[in-house]
Amino acid sequence: MADLSSFPITSRWPAKNPDIIQLYSLPTPNGVKISIALEELGLPYEAHRIAFDSNEQKSPEFVSLNPNGRIPAIIDPNGPDGKPIGLFESGAILVYLAEKTGKLIPSDASGRYETLCWVMFQMGGIGPMFGQFGHFFKWAPEKVANNPYPVERYRDESKRLLGVLEARLEGRQWLMGDEYTIADIATFPWIEGARKFYGGAEVLDYKSFPSVMAWVERGLARPAAQRGLEIPKKE
Ligand SMILES: N[C@@H](CCC(=O)N[C@@H](CS)C(=O)NCC(=O)O)C(=O)O
């Protein structure tokens, strides 16, 4: 049985089965990327729910695994050279899982790098811009009641990014064509999240991006995505 005692997070969220991947998460757009990928890959894992309402993501035990105090994070007891490894940042975790299994990423070098471009596009563009849009539009509108600029700025940048996705997805089933990859898993939960959590579909003019919306529906329809979107479950 793997010994995870060198990871302080396991003292607060003990592993029932330390031989399988430990996921620390919540069903947010960044969190579900990892549960969707794990479900898609069929890797065994144990999910621990990190409660934002009591700020558990900023607790010393959580920060010992992710110094940035944000979900998701994982421990893989069977990492490189068979040794346990801790990982944070959803993009890095997705790349790790894809490379560990040889799945959800093209096997040829060019296809692999192209996939990484789209993963980075999500991590550096879609996530931060949609996140800031949601903050001002949905969570803190009172802070900008006298100044429309923050909502307008992040709305317009989010729409511009949707336009980039629209051009890429015209005539393609997935971001990498016929192959469903970690680039799709990184990205469609964010478009869906802005609709579901921010009520942003109208303001972001989703109807003007038909290829994007059809792709989101294709992603959501996958059984692994449907399972992953609900993980970790409420106890
Ligand atoms: N770049 C990070 C972002 C992670 C992130 O922002 N997670 C959010 C949930 S979607 C979070 O933990 N928020 C809680 C907080 O900021 O305290 C990643 O992709 O893993």
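1. Glu-40 sits in helix H2. The model is a predicted one, and in it Glu-40 counts as buried because 22 other C-beta atoms lie within 10 Å, against a cut-off of 20 or more. Once residues up to four places away in sequence are set aside, Glu-40 touches Leu-104 and Ala-224. The C-alpha atom of Glu-40 is separated by 24 Å from that of Phe-197, which is 157 residues apart from Glu-40 along the chain.

2. Across the boundary, 13 residues of domain 1 make contact with 12 residues of domain 2. On the domain 1 side, H2 and H4 each supply at least two of the touching residues, and H2 gives the most, with 8 residues. By class, that side of domain 1 holds 7 nonpolar, 3 polar and 3 charged residues.

3. UniProt places "domain: GST N-terminal" at residues 18–105. Over residues 18–105 the chain is 33% helix and 20% strand, with the end C-alpha atoms 27 Å apart. For "domain: GST C-terminal", the unreviewed entry in UniProt lists residues 108–235. The span 108–235 is 66% helix and 0% strand, and its end C-alpha atoms lie 42 Å apart.

4. Which residues have the most contacts inside the largest nonpolar core? They are Tyr-24, Ala-37, Ile-74, Leu-94, Ile-182 and Val-212, in a core of 59 residues. Elements that each supply at least two residues of this core include strand E1 (21–25), H2, strand E3 (73–76) and H4. H5, helix H6 (149–169), helix H7 (182–196) and helix H8 (210–221) also each supply at least two. The core draws at least three residues from each of domain 1 and domain 2.

5. Ile-74 is one of the core residues named above. Not counting residues up to four places away in sequence, Ile-74 touches Ile-21, Gln-22, Leu-23, Ile-34, Leu-87 and Ile-93.

6. Gly-219 has its place in helix H8. Is Gly-219 buried or exposed? Gly-219 is buried, because 20 other C-beta atoms lie within 10 Å and the cut-off for a buried residue is 20 or more. Leaving aside neighbours within four places in sequence, Gly-219 is in contact with Asp-184, Phe-188 and Ala-225. The C-alpha atoms of Gly-219 and Asp-184 are separated by 7.6 Å, although the two residues are 35 residues apart along the chain.

7. The last point concerns the ligand. Around the ligand there are 15 residues, of which Thr-28, Asn-30, Arg-70, Ile-71 and Ser-90 come nearest. The elements that give two or more residues to this shell are helix H2 (29–41), helix H4 (90–101) and helix H5 (109–139). H2 gives the most here, with 3 residues. The shell divides into 5 nonpolar, 8 polar and 2 charged residues.

Notes:
Residues numbered from 1 in each chain as written. Predicted model: local features only at pLDDT ≥ 70, side-chain atom pairs only at ≥ 80, totals over all residues. Near = placed C-beta within 6 Å. Helix = DSSP H or I, 4+ residues; strand = E, 2+ residues; numbered from the N terminus. Nonpolar A, V, L, I, M, F, W, Y, C, P; charged D, E, K, R; others polar. Contact = placed C-beta atoms within 7 Å. UniProt positions renumbered as here; feature names shortened; annotations may be inferred. Core = buried A, V, L, I, M, F, W, Y, C linked by C-beta atoms within 7 Å. Buried ≥ 20, exposed ≤ 12 C-beta atoms within 10 Å, placed from the backbone. Domains from an automatic or database assignment.
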